[in-house]
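Hi everyone, thanks for coming.

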Amino acid sequence: MTGGNDTARRGEPGLLRGLSGKVLVMTILFVMLGEVLIFLPSIANFRIQWLKGRIAQAEIAALAAEAAPDRILSPDLRTEILKGAGVLVVSLTRGETRKLMLRSETDHMIDASYDLRNVGWTSAIADAFAVMLEPSDRVIGVTDKPPNMSGDLIEVALYEKPLRDAMIRFGLNIFLLSVVLSVIVAGLVYLALNIVLIRPMKRLTRNMMAFAQNPEDRSRIITPSNRQDEIGLAERELHDMQSELSAMLQQKSRLAALGLAVSKVSHDLRNMLSSAHVISDRLAMAEDPTVKRFAPKLIVSLDRAIGFLTATLKFGRAEEAPPMRERLALKEIAEEVIDTAALQASSRVVLFNHVPPGLEIDADREHVNRVLTNLIRNAIQALESQEQGEDGRVTISSWREGAVVVIEVKDNGPGIPERVRPKLFEAFQSAARPGGVGLGLAIAAELIRAHGGEIRLAGTGPQGTVFHVTVPDAVVELRPGRRGARNRA
């Protein structure tokens, strides 16, 4: 099979091209994306807290300077206090008075000012990124409320470079932590998905590839697990589909083998039956009353068998020919079928013909004969399979419902097994006895469908089995402007 070879050549994809590799890569990317989303507010918050720390140190320095004797500090002491606080200038506002508490010896120009009293997250993130983009030698002014409430407002000036260095260190730490966390989380997620999802998917994929190479090998049908999730549902559905497909292929193989076998034997068997036909013609000339009674039936049966062989078992080779419909006395056909079946039935089986004498059916004579023969033969075989019990009875009855003739075939046999009923009218599926092939009811159903009717199981059980065959009359279609009519099945 070329499809199976192509599947085998494709093989399973590599790690990066396979589902597991894609899941691993996407997990790492999504975790990194989450870390980035967390990093933005984190770096902004780090900057704000760092500046507030400088504000707190500057306030303490200002209070220390204010507590000095006569509020006078030596230049060296003032420089040390400012250096310890990490600021250049400190001023406090109390009420309406703004007082310069500390300042360095050098004058500085403020490059940018920031107010920490009311900061939104959007502006905080933008200001944090501005630290990275602006020159590193800037002097910035920061305004906030004094943490120790030494005044109403505190303002400081400081170099921005220490802030930038601290933010870079913080960012590197966050980055390294994000990488480690991403790898750990990705690994855990990958292991979980690999166990829960990827391995079962690989098992499904390998099974489908193996099954495609030889669908008729039933050992390649997947065995579903006990999972109750979507994977378990997929396994069960795949098992049902593969089982049905394998059965269909085996059935088609049997049909093909049947057609080939029939083609080989039909020619020789037809010659044998032709010889038997000639002998039966001679036999009909005998004077024995019993011979004279059964010889015509034998000749009719041989003619029918030769015709079937000439068509080489049409069911196995092609569709049945369209029915040649005509008005027929159904009681005569039923009597003919019963006479033929009685020759094969044992003395334990009694056949009854309860078809009304005047009932006519619009159908093909040979088709109706074959349908009733199959139904009667099945009923006789079922009755003869019983070891003990009352004598078997098979009854053919019929009635008309408007333009439809209903034929009932009823027996008092053991009934049809439960396992056979769902596929009762499918070829090779309904054989319920040893040696049967399950073609009789399939052929009967096809012949009745060609008449526009149906055959169905009306009832079955320990008390017997009942089949109903419905055959509608042909539709009569009148052409405008013309006399007569034509039949349309």
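What percentage of the 489 residues in the chain is buried? Buried residues make up 36% of them, where buried means under 20% relative accessible area, exposed means over 50%, and partly exposed is in between (1.4 Å probe, protein chains only).

A quick word on the ground rules. This is a predicted model, where local features need pLDDT of at least 70 and side-chain atom pairs count only at pLDDT 80 or more, while totals for chains, interfaces and linings use all residues. Residues are numbered from 1 along each chain as its sequence is written, and side-chain values use heavy atoms, with hydrogens and water left out.

Now the overall picture. The chain has 11 helices and 14 strands; these are DSSP runs, H or I of at least four residues for helices and E of at least two for strands, numbered from the N terminus. Of the contacts (heavy atoms within 4.5 Å) between residues at least 6 apart in sequence, 68% join residues at least 24 apart.

Let's turn to helix H2, residues 19-66. Val25, Met26, Leu29, Phe30, Leu33 and Leu37 form a nonpolar surface patch with about 610 Å² of accessible area together. A patch here takes residues with over 30% relative accessible area and no salt bridge, joining nonpolar side chains (Val, Leu, Ile, Met, Phe, Trp, Tyr) within 5 Å and like charges within 9 Å; areas are Shrake-Rupley values with a 1.4 Å probe, and for residues only the protein chains shown count as cover. Methionine 26 is partly exposed, at 43% relative accessible area, whereas phenylalanine 30 counts as exposed because its relative accessibility is 57%.

What is the nearest side chain of opposite charge to arginine 47? That is aspartate 127, 4.3 Å away, and the buried arginine 47 has no salt bridge, meaning a Lys or Arg side-chain nitrogen within 4 Å of an Asp or Glu carboxyl oxygen. (Lys and Arg count as positive, Asp and Glu as negative; His and the chain ends are not counted.)

Last stop, helix H3, residues 75-85, where Arg78, Ile81, Leu82 and Ala85 are buried. Seen down the axis, the buried residues of H3 fall within an arc of 95°, so they line one face; the arc uses directions from the helix axis to the C-beta atoms. On the other side of H3, Asp76, Glu80, Lys83 and Gly84 are exposed. Just after H3, glycine 86 takes a positive phi of about 75°.
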